[in-house]
Amino acid sequence: MDLPQTLVELRKLLASMPGISLRGAERFLDFWWREDLESRKKIGLFWNDFTKVARCESCFYFVERGRLCQFCQNENRDKKKICVVSSAFTVPLVERQTSYRGIYYVLDGEIIGRDGSKQLLTVKKRRDYLKNRIIKEKLEEVIIATDYTSSGEATALFIKEEIKELPVKVTRLARGFQSGDILSYSDPVTIKKAFESRSLY
Ligand SMILES: [Zn+2]
């Protein structure tokens with residue numbers, strides 16, 4: 001006799017996420033089961049709202065209303081500089097820790113996994129679209145801000161190889177980071193310094 005079907009499905013969904021085991025999924029559900037009904041209803045509502053969050057048509061960052069995100073529609077941002085990140089969650093981090101006022105470009109993945117995997121296909125599509133934008137919008141600088149893990153480095157190289165023939169400056173945040181570093185876990189001072197002293201890649 002297993003759990004009720006709803007819980008089996010939820011457990012399966014949670015356990016399909018990277019880094020979460022079946023046991024981890026059960027602990028998560030157990031935690032919320034002990035909360036009162038109102039709190040549980042609240043997460044349900046938030047999950048429902050999550051389905052309403054869309055992607056910016058230009059940079060693929062989160063957008064709650066309209067077609068373009070807060071950065072792409074802001075006239076005070078420097079539209080000639082574009083910062084390429086693997087995850088949309090890196091954007092607020094760069095905003096908080098640095099004085100960068102260009103725009104962003106979200107890959108929504110890294111060069112990892114099987115050929116033909118969904119993630120790989122997305123990154124390839126995003127790379128092609130970035131190439132078009134570089135040419136069409138005459139971008140001046142592409143700042144590659146992927147992680148310093150092996151997949152993050154592979155992604156940085158993958159992007160660079162494809163755009164190195166185009167008339168655009170390609171830079172990478174190097175200073176202060178070591179192999180294996182994940183941007184989100186790095187300290188604010190390192191990120192700030194690395195951004196300010198980014199070098200040609
Ligand atoms: Zn955008």
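Author: A residue is called buried if 20 or more other C-beta atoms lie within 10 Å of its own, exposed if 12 or fewer, and partly exposed in between, with C-beta atoms placed from the backbone. Helices (H or I, at least four residues) and strands (E, at least two) are DSSP runs, numbered from the N terminus. This is a predicted model, in which local features need pLDDT of at least 70, side-chain atom pairs count only at pLDDT 80 or more, and totals for chains, interfaces and linings use all residues. Residues are numbered from 1 along each chain as its sequence is written.

Reader: Which residues of α7 are exposed on the face turned away from its buried side?

Author: That face carries Val189 and Glu196. The buried residues of α7 are Ile191, Ala194 and Phe195. They lie on the same side of α7 because they cover an arc of only 100° around the axis, the arc being that of the directions from the helix axis to the C-beta atoms.

Reader: What do the buried residues of α7 pack against?

Author: They pack against α4; contact requires C-beta atoms, placed from the backbone, within 7 Å. Helix α4 spans residues 90-97 and includes Pro92.

Reader: Is Pro92 buried or exposed, and why?

Author: Pro92 is exposed, because 12 other C-beta atoms lie within 10 Å.

Reader: Where is confidence lowest in the chain?

Author: Confidence is lowest in helix α7 (residues 188-196), with a mean of 84, and highest in β4, at 98. The score is pLDDT, the predictor's confidence in each residue, from 0 to 100. The chain averages 91, and 99% of the residues score at least 70.

Reader: Turning to the sheet, what is the strand order?

Author: The sheet is open, with 5 strands in the order β4-β3-β5-β6-β7 and mixed pairing; two strands pair if DSSP finds at least two bridges between them. β4 (103-106) and β7 (199-200) are at the edges with a single partner strand each, so one side of each has no neighbour in the sheet.

Reader: How many bridges join β3 to β5?

Author: There are 4 bridges between β3 (residues 81-85) and β5 (residues 141-144), and the two strands run parallel. Ile82, for instance, has Val142 as its bridge partner in β5.

Reader: And what is Cys83 in contact with, leaving aside its neighbours within four places in sequence?

Author: Cys83 is in contact with Val94, Tyr100, Gly102, Tyr104, Tyr105, Ile143 and Ala145.

Definitions and conventions: Contact = placed C-beta atoms within 7 Å.
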